[in-house]
Amino acid sequence: MTLRINDRTLSRESIKNLNELSGENVKLCMQCATCTGMCPMAAEMDYSPRKVMHMAQFGLQSKLEEINTYWKCASCHACTVKCPRGIDIAKVMEALRQQTLRTNTNYIEPSEMSAETIAELPQIALVAGFRKMTS
Amino acid sequence: MKISYYPGCTLKTKANNLEKAAVASLEALGIEVEEIDRWNCCGAVYSLTADDLIHHVGPVRNLIRAKEMGADKLVTLCSMCYNTLARANQLMKDDEVKRDTINRFMDDEIDYSGEVEVVHYLTYLQEQVGWDKLREQVKVPLTGLKVGTYYGCTLQRPAEVGIEPMGSYTQMTGLLEALGATVVPFNAADKCCGSYQVLGAAPGENSAASAILNSAAGAGIEALATSCPLCEYNLGKQQQQMLEKQAIEQGVPTFYFSQLLAVALGIDPELCRFELNDGQSLELLKSKNYLAAA
Ligand code: SF4
Ligand code: SF4
């Protein structure tokens, strides 16, 4: 992935917002990719957690808005436990989800789920999934 | 001895097998279980954004219920409830500003600042009964059963609330060995089962879960023990579909650790509600003759 830094790609505002919402400092990331190595969902993500941290460091807001990484994140906290820079990456993923959800946008539509699926799933799956993927 | 207990929503329905077996086991060990009054859903996941306080109100309200009952400890079973309650508790203990905001928002409740300790059932059992004492109470040793301990994420992560560090499985291992079972390690023991991502996945197409089952089967594990209804759903209830889609080569019966505990204590199998597990779970126990005594 090539990142070009110019006045259109680097949004300081976006970095500040993400840091505030997550309570983390994305600039601490040294791009070691331990998070990607730990991530059980990496195969389903279009960009790995490490690459997302890179985008976040550059404040590539529009790119961050179109990728699926944080929607595939299962909040397993394996990356958080192992990050050598002490970054709580699960919190960064949550902040990225929230940036979209707070525009009244759902990632999954509960009304499109079949009654069968809803009846079968344990409550914690529904509550957790709706908390993470609906506004 | 008496202990305050928080069940959580799933344990009253889909995962009633986790609860019934656990409560019956504690009672058989001479511990009275008192469910807290007027509990509510814990919210299942701990809110991770810095400005979101409203989602902490649910878990904190449960902690207040426990405090009102004079409890110094609150025992939970479901791993997700444990995680959410323990993290909310930690927030109320450590973050003065947020604690104050939450307490002022809940002005119809007594103030709370982390006075109750949230304890997982496994930890409670280890501390209050201990594995040596438990071994003396075993009526049906699970001799010859090769079990894998599957903690799932929320019992171990993040480190501040983990019942033990990631990659360490001493509590469930201690329990299962006391019951006479053989604990077999496997590579994927600390990998996530996909959690709530099952909502978007086609049935049987959860690669995170199939990788765990394949790893367990490859290690020669006959049964997986877990404490989370979502892990049990992803690993147990989805197995038939994973087999059909050839995502796994063979099934690995899944259990709640409490069911294995209850069986070994000789408790009526009816209370273990095996009908809520995948069918092969009960078959395995029957084939090993563990239920004959009951
Ligand atoms: S593990 Fe931490 S430091 Fe390494 S790439 Fe991931 S976020 Fe950056
Ligand atoms: S918390 Fe999310 S990003 Fe981090 S390892 Fe787990 S699934 Fe991957």
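Predicted model: local features only at pLDDT ≥ 70, side-chain atom pairs only at ≥ 80, totals over all residues.
**Stop 1**

Now select residues 146-149 of chain B, which make up strand E5. Two bridges join E5(B) to E6(B), and the pairing is parallel. To see where these strands face each other, pick B:Lys146 and then B:Thr182 in E6(B), which stands opposite.

**Stop 1: the largest cavity**

Next, let us look at empty space. Rolling a probe the size of a water molecule over the atoms shows where such space is left. In this model there are seven cavities of 30 Å³ or more.

The largest cavity holds about 250 Å³ of space. To find its centre, select A:Ala74, A:Ser75, B:Met80, B:Thr154 and B:Ser195, the nearest to it among the 25 lining residues. Then colour helix H3 (79-94) and helix H9 (229-237) of chain B: these are the elements that give two or more residues to the lining. Which of them gives the largest share? H3(B) does, with four residues.

What kinds of residues line this cavity? The lining has 15 nonpolar residues, seven polar ones and three charged ones.

**Stop 2: the second largest cavity**

Move on to chain A and select A:Cys39, A:Met45, A:Cys73, A:Cys76 and A:Cys79. Of the 13 residues that line the second largest cavity, these lie nearest its centre. The space inside comes to about 100 Å³. Its lining has eleven nonpolar and two polar residues, with no charged residues.

**Stop 3: cysteines without a partner**

A disulfide is a covalent bond between the sulfur atoms of two cysteines. How many disulfides are there over all chains? The count is zero.

Select B:Cys81 and B:Cys78 to see why. The closest cysteine sulfur to that of B:Cys81 is in B:Cys78, and at 3.7 Å it is too far for a bond, since the cut-off is 2.5 Å. B:Cys81 is also buried, because its relative accessibility is 3%, under the 20% limit.

Finish with B:Cys192, which is in no disulfide either. The nearest cysteine sulfur belongs to B:Cys153, 3.7 Å away. B:Cys192 counts as buried too, with 2% relative accessibility.

Conventions
Residues numbered from 1 in each chain as written. Chains lettered and ligands numbered in written order. Heavy atoms only, no water. Pairing = 2+ DSSP bridges. 1 Å grid on protein atoms, 1.4 Å probe; cavity = no way out; pocket = protein on both sides within 12 Å on 5 of 7 lines; lining within 4 Å. Points joined across faces, edges and corners; volume = space filled by probe spheres on them. Nonpolar A, V, L, I, M, F, W, Y, C, P; charged D, E, K, R; others polar. Buried < 20%, exposed > 50% of the residue type's maximum accessible area, 1.4 Å probe, protein only.
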